Amino acid sequence: MENKEEKRKDRSNEKEEEGKEESRRRRHDHRQQEEPPLMALNHVSRLCRNVKESIDFYTKVLGMVLIERPQAFDFEGAWLFNYGVGIHLVQAKDEDRLPDAHHDLDPMDNHISFQCEDMEEMEKRLKEMKVKYMKRTVEDESGTKIDQLFFNDPDGFMIEICNCENLKLVRASSLGTIKLPIDKHNPPVDVDDYAQPKTST
């Protein structure tokens with residue numbers, strides 16, 4: 001009699017676990033259906049007054065790498081890539097659409113931000129290249145400090161450099177699932193043109 005009772009309890013527990021698993025699966029499938037199949041930020045596009053000057057700025061100041069652009073694009077521009085993200089430069093037809101290249105820096109204005117592992121070295125680089133910048137440090141309620149450098153590109157678009165990895169990402173609502181970039185989001189890189197390091201014998 002006792003064995004039969006135990007078997008009934010076991011079957012009941014199994015059904016309960018199966019029900020929970022099915023419920024979890026349905027919630028997962030529902031989230032999967034609602035979320036777009038995105039992987040990572042691919043590029044930021046910027047209008048510019050002079051493509052060559054902008055290439056010079058982004059390669060020398062930010063270390064972006066000039067890459068080949070498909071010939072199908074029959075307008076003046078350039079593609080830059082590094083750090084897992086691209087910057088696409090487009091020659092402006094109407095310069096009135098561009099911001100004032102010498103406007104005051106305002107951290108609350110539109111900008112793109114690069115995460116940095118050595119803020120002192122980056123600040124030194126800006127000084128050496130005579131790039132006007134604004135520096136500030138913000139502290140959250142837990143005491144975590146974030147250092148920020150703000151400056152404009154040649155066309156007045158603001159750029160931020162920060163050590164934002166110090167700040168923990170905490171979801172503010174129950175909606176959405178945070179996805180971190182994975183290797184497959186990066187485009188394939190042609191390294192055939194790069195010299196291989198020499199090995200000593």
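These are my notebook entries on what I looked up in this predicted model.

**Ground rules.** I number residues from 1 along each chain as its sequence is written, and I leave out hydrogens and water, since side-chain values use heavy atoms. As this is a predicted model, local features need pLDDT of at least 70 and side-chain atom pairs count only at pLDDT 80 or more, while totals for chains, interfaces and linings use all residues.

**Overall build.** I found three helices and eight strands in the protein; helices (H or I, at least four residues) and strands (E, at least two) are DSSP runs, numbered from the N terminus. Read from the N terminus, the order is α-β-α-β-β-β-β-α-β-β-β. I then looked up burial: 25% of the 201 residues count as buried. Buried means under 20% relative accessible area, exposed over 50%, and partly exposed in between (1.4 Å probe, protein chains only).

**Salt bridges.** How many salt bridges does the structure hold? I get four, a salt bridge being a side-chain nitrogen of Lys or Arg within 4 Å of a carboxyl oxygen of Asp or Glu.

- E95 bridges to R49, with the closest N and O atoms 3.8 Å apart. E95 is in the loop between β4 and β5 and R49 in the loop between β1 and α2 (51-60), 46 residues apart.
- D155 also meets R49 in a salt bridge, at 3.3 Å from N to O. D155 is in the loop between β7 (145-152) and β8, 106 residues from R49.
- I checked the cover too: D155 is buried at 2% relative accessibility, whereas R49 is partly exposed at 28% and E95 is partly exposed at 42%.

K135 lies in strand β6 (residues 133-139) and E123 in helix α3 (residues 119-128), so the bridge ties together parts 12 residues apart in sequence. E123 is buried, at 13%.

**Aromatic rings.** My search of the whole structure turned up five aromatic pairs. Rings of Phe, Tyr and Trp (its six-membered ring) pair if their centres lie within 6.5 Å; planes under 30 degrees apart count as stacked, over 60 as edge-to-face and the rest as tilted. F73 and W79 have ring centres 5.6 Å apart and planes at 55°, so I logged a tilted pair. Y83 and F114 are 6.2 Å apart at their centres with planes at 75°, so that pair is edge-to-face. Y83 sits in the loop between β3 (77-82) and β4 (85-91), and F114 in strand β5 (residues 111-115), 31 residues apart. Which of these two is buried and which exposed? Y83 is exposed at 52%, and F114 is buried at 12%. I also saw that ring pairs join F57, Y58 and F151 into a cluster.

**Charges over rings.** R46 lies over the face of F157, 4.6 Å from the ring centre. The charged end of R69 sits over the ring of F75, 5.0 Å from its centre. I count a charge as over a ring if NZ of Lys or CZ of Arg is within 6 Å of the ring centre and within 35 degrees of the ring normal.

**A last contact.** E35, in the loop between α1 (2-34) and β1 (43-48), is buried at 18%. E35 and T177 are 142 residues apart in sequence, yet their C-alpha atoms are 8.2 Å apart in space.
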